[in-house]
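Below is a walk through a structure with the sequence and coordinates at hand. Please keep both in view while reading.

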Amino acid sequence: MSSSSSGSGALGDTSDFRAIFFEEADEHVAAIESVLLRLNQAAPDSEDLNAIFRAAHSIKGTSGMLGFTEITSVTHVLENLLDELRKGERVLTEEALDLMLRAGDMVKMQVAFRRGALEQAPDAGPIERELRGLVEREAGAGPAPARRYAVRLGPLAAPIDAAELDLMLSGLADMGKVQPGPMNNAAGGEIQFEVELSGGEADLRSVLSLVVPADAIHVDKPGAAPPAQAAVLSKPIVADDHGGEIFFDPADWKKRQKAKPAVPGAQTAAAEPVALAAGSNAALDIFVTPEEFRARRKRGATPEAKPRSPGRRATDDPSVEPELFGRRASDIVPSVERRGRRDGERGVQALAEAASIRVGVDKVDLLVNLVGELVITEAMLAQQQRLEEGDSRYSTGLVDLGRHARNLQEAVMSIRMVPISTVFTRFPRLVRELSQRFGKEVELKVSGETTEFDRGLIEKITDPLTHLVRNSIDHGIESPAERLAAGKPGSGTIWLSASQKGGSIVIEVRDDGKGLNRKRILERAAERGIRIDPNADDEEVWQLIFEAGFSTAETITDVSGRGVGMDVVRRNIQVLGGGKVGLHSREGAGTTVTVSVPLTLAIMEAMSVAVGTETYVLPLAAVIESRRIQHGDIAGIAGQGHTLRVRDEFLPVVRLSEVFRTADGAAAEQGGIAVIVESEGGKAALLVDDLLGQQQVVVKSLDTNFRRMPGVSSATIMGDGRVALILDLAHIVQFAGRGAAARH
Amino acid sequence: MGKSILVVDDTRSMRKMVVAVLQGAGYTVEEAGDGDEAFEKAKKKVFDLVVTDHNMPGTDGVTLVRLLRGIPEYDDVAIIVLSTETGADLKAKGREAGATGWMAKPSDPEKMLAIVRQFID
């Protein structure tokens, strides 16, 4: 039985509180994660530690009230660990950091489960045990589990390069303390030293293996830390365990209840309720009994000389004399000063709280849709009015209506905009984990995270960006040894930045790694039978890595390099309203991938074209140019269907009238117009009868309103009220290639 | 008119739950999201009882108790700290500051009500 069911009488329906709690918990976990990732491990900021402690503490409190026991117990142990950290009783180790991050993940999953987003309850047991193990293991030993290792390197096959040896020793000295021993750095010789570090043996070995093959590394079992340090370490930790394990065990409560007056507020002996307070872990500690309280109130006296209550705990330290209602100036003054200083902060916080409200996404989406309809209706009216040459009063009214409608639309769209930090926040964690896994040192630098974009893009942009960052760590950034050898700092850097350029968001993933290897790409292209001029410029060569299945990774790792790489990234970006991926790379200096996507997916800059009596809409971003077709421009090339020569390129010709089987479009051969478009599949010339104009269109999903159709990505409603299809150019261009092949 | 209670907690969900329990029992409840806000409210109006969280950014619960005890009108007002922290040291500090009682959070709402009733009615 949980407290939520036992307490449902007083609390009533808990669903509202649950909803608030879920939001809060997500925010708290996100805050915990971001603070953990920015913590300086050597000297964590105490305010940071306090902030995460409070976050864990909040989650624990509410989850307990709501009966989410798994969340309560995980956050309870997490809180214990954080409490020791913030009090400086424990050193922040890599292990503790990892466990805390995983505890955050567990809370996230438990919340998802309670929300109904996960079918099965995740097992919180393992992480809880590990955390508890950590807390208990070192609770007696205190901070800095520095261990001493005796290291023997040898027998050496050959002398170690002196500079490398120095580098390694100074690296170890950075991590702890090094006591040099006999160093016989010669073939067949041995190098000995002692080292004292807080990291584990694995950390030590990984450093040593940079200069010596693994089989020549001998690390003796950790010895005890020197006595001087041990004395500091064994300082007892304040016995303060946050109230024991379970505060709200109903059985426990019942027991306590028996010891209490049966009816709340009943006049019983003063000693009775106070007896509840026995034990430092008591869930309830009444310092002043209600009876004393009432008696005092009647007297209305100042209690300076108040005698001790008879029910006081015998175990109490007499030095902690409770000045029950006393006021001590010395106690108050510093707090008042402190309060004054914080006043400003609070004002800002209160303002921020009042200035924002939470609204369901569905409501915003509805608003976007309705405004879209309004804009279209306005356009219809305006067109009607032009046709009928109506009253000028109407026309001024209509101009105003149009302006208001567009302003309204802009305002509504801005509600859907979120800062891109919502996407960027996951990368510090990813970089940390991947660089650990690949044995690389990587620093992530993020900028422009306040840039806003359509929230609908969050999910769609996250995967491609994750892929790019992975690529940078796996294939771009070299190992510390390689980097040092190349004269670069041992730690690599990845820059993740976002900015707005016109109607687009440009996201850049840049690394200072080894860059793309032109030679290997050309070799790989040859293996795959892709023809390319060996003297082609770099930009052209780099384009090859966007080919499906193209991977030059020398080893296939479990993270990237499976050959489903950049082509998938590019495709995923292109479907975002004609997003683009660019790439620059310099061998030895690094790679920059630039992703550009429209600000919003709900509105698109478009070009509308006429084919017979039908109107089609093309994403303007994909249109390169348009040209009138002269007699003889279009030629049939054996095996390649019809092509149009544009300067020195032969582009496949797509007759939209054929694609959509419109009855009367076939005429558009002479005097027609070719619109040159570029998409994932390459360039193509679309034959149309007329260009109708450029405009913003409100994108309507066909999936939700009708069904998916090949060659069509979505639809829109034109000014005259007719539905027009927005073309899926990637598909159509591919179709052009295939169709041509099939005909010949 | 019902007795008035001030509920102080920086965690919105927890605060709302405590408020709901107390309102359900017929008390007039006001909320504060942190110790400073609580202190400001308390200066303007004397509540019949205060329930406060301890761990809050800025002014924490124990400090709030001390501040409130600095206001003469709060001499006779019960102040109950509701906290997930129940370490003896901290409780001693709370007691020293002038708290009337200390309850472990999470707590059974019925029990919380019972305690509140003992001090307010």
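In chain A, residues 24 or more positions apart account for 66% of the contacts with a separation of 6 or more. This is a predicted model, and the percentages here are computed from it. Chain A has 744 residues, of which 32% count as buried. Its secondary structure comes to 26 helices and 23 strands.

Chain B can be described in the same terms. Of its contacts between residues at least 6 apart in sequence, 62% join residues at least 24 apart. Buried residues make up 70% of its 121 residues. The secondary structure consists of five helices and five strands, and from the N terminus on these run β-α-β-α-β-α-β-α-β-α.

The strands of chain B take part in a sheet that also includes a strand of chain A. Six strands form this open sheet, in the order β5(A)-β5(B)-β4(B)-β3(B)-β1(B)-β2(B), with mixed pairing. At the edges are β5 (284-286) of chain A and β2 (28-32) of chain B, each of which pairs on one side only. From one strand to the next, the twist averages 20 degrees. In general, strands of a sheet pair through backbone hydrogen bonds, either parallel or antiparallel.

Strand β4 (residues 78-83) of chain B pairs with strand β5 (residues 101-104) of chain B in the parallel sense, over four bridges. Ser83(B) has Ala104(B), in β5(B), as its bridge partner.

Which residues of α3(A) are buried? They are Phe17(A), Phe21(A), Glu24(A), Ala25(A), His28(A), Val29(A), Ile32(A), Glu33(A) and Leu36(A). An α-helix has 3.6 residues a turn, so residues three or four places apart point the same way.

Key. Residues numbered from 1 in each chain as written. Chains lettered and ligands numbered in written order. Predicted model: local features only at pLDDT ≥ 70, side-chain atom pairs only at ≥ 80, totals over all residues. Buried ≥ 20, exposed ≤ 12 C-beta atoms within 10 Å, placed from the backbone. Helix = DSSP H or I, 4+ residues; strand = E, 2+ residues; numbered from the N terminus. Contact = placed C-beta atoms within 7 Å. Pairing = 2+ DSSP bridges. Axes fitted to C-alpha atoms, helices over the stretch in contact; angles between N-to-C directions.
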